[in-house]
Amino acid sequence: MGFSPSEESYNIDFIKKYQNILHNIQPPLSNEEATKLITLFGNDESYGLAWSLLHLIELSADFSVDKQLLENGNSWIQLLIKRAINKKNYE
């Protein structure tokens, strides 16, 4: 379905469909699946869907911070990286 829906474009049917798809994904994900989902982050909270996406990625069995991600300026990806690094520091 592409990028998560922006809060600027209000289309309730698309948002509900996107939400249903996210909630039907069963964790844990492979690193490959998690890496593909990372590309779906938009620039806002997407009506809370960005948080669902972030948590789903974090639940992946072997998620690791890819060097390419470090260069991505998306605030959601940067938050995901910070949380992954913090998790490793506490393990």
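By exposed I mean a residue with over 50% relative accessible area, and by buried one under 20%, with partly exposed in between. Please keep these cut-offs in mind, as the structure before you is a predicted model.

Let me start with helix α2, which spans residues 31-38. Lys-36 has a relative accessibility of 54% and therefore counts as exposed. Glu-32, at 53%, counts as exposed too. These two residues form a salt bridge, in which the closest N and O atoms are 3.5 Å apart. Why are Glu-32 and Lys-36 separated by about one helical turn? Because they stand 4 residues apart in helix α2.

Is Ser-46 buried or exposed? Its relative accessibility is 0%, so Ser-46 counts as buried. Setting aside neighbours within four places in sequence, Ser-46 is in contact with Ser-4, Pro-5 and Glu-7.

I now turn to α3 itself. Which of its residues are buried? They are Leu-49, Ala-50, Leu-53, Leu-54, Leu-56 and Ile-57. Because these residues cover an arc of only 165° around the axis, they sit on the same side of α3. As for their partners, the buried residues of α3 pack against α1, residues 12-24, and also against α2 and α5.

Helix α5 comprises residues 75-90, and it packs with α3 at an angle of about 35°, the axes being 11 Å apart. The crossing of the two helices is right-handed. On the α3 side, the residues that meet α5 are Ala-50, Trp-51, Leu-54, His-55, Ile-57 and Glu-58. Their counterparts in α5 are Trp-76, Leu-79, Leu-80, Arg-83 and Lys-87. By class, the residues of this contact divide into 7 nonpolar, 1 polar and 3 charged.

Leu-80 is one of the α5 residues in this contact. With a relative accessible area of 1%, Leu-80 falls under the 20% cut-off and is therefore buried. Between Leu-80 and His-55 there are 9.0 Å in space, C-alpha to C-alpha, and the two are 25 residues apart in sequence.

The contact of α3 with α5 also includes Glu-58 and Arg-83. The side chains of these two residues meet in a salt bridge, at 2.6 Å from N to O. This pair links distant parts of the chain, with Glu-58 in helix α3 and Arg-83 in helix α5, 25 residues apart. How accessible are the two partners? Glu-58 counts as partly exposed because its relative accessibility is 24%. Arg-83, at 31%, counts as partly exposed as well.

To close, a word on salt bridges. How many does a search of the whole structure find? The search finds 2. One joins Glu-32 and Lys-36, within helix α2. The other joins Glu-58 and Arg-83, and it links helix α3 with helix α5.

Methods: Residues are numbered from 1 along each chain as its sequence is written. This is a predicted model: local features need pLDDT of at least 70, side-chain atom pairs count only at pLDDT 80 or more; totals for chains, interfaces and linings use all residues. Side-chain values use heavy atoms; hydrogens and water are left out. Buried means under 20% relative accessible area, exposed over 50%, partly exposed in between (1.4 Å probe, protein chains only). Contact means heavy atoms within 4.5 Å. Axes are lines fitted to C-alpha atoms, for helices over the stretch in contact, and angles run from 0 to 180 degrees between N-to-C directions. A crossing is left-handed if the near helix is turned anticlockwise from the far one by less than a right angle, and right-handed if clockwise. Ala, Val, Leu, Ile, Met, Phe, Trp, Tyr, Cys and Pro count as nonpolar, Asp, Glu, Lys and Arg as charged, and the others, Gly among them, as polar. A salt bridge is a side-chain nitrogen of Lys or Arg within 4 Å of a carboxyl oxygen of Asp or Glu. The arc is that of the directions from the helix axis to the C-beta atoms.
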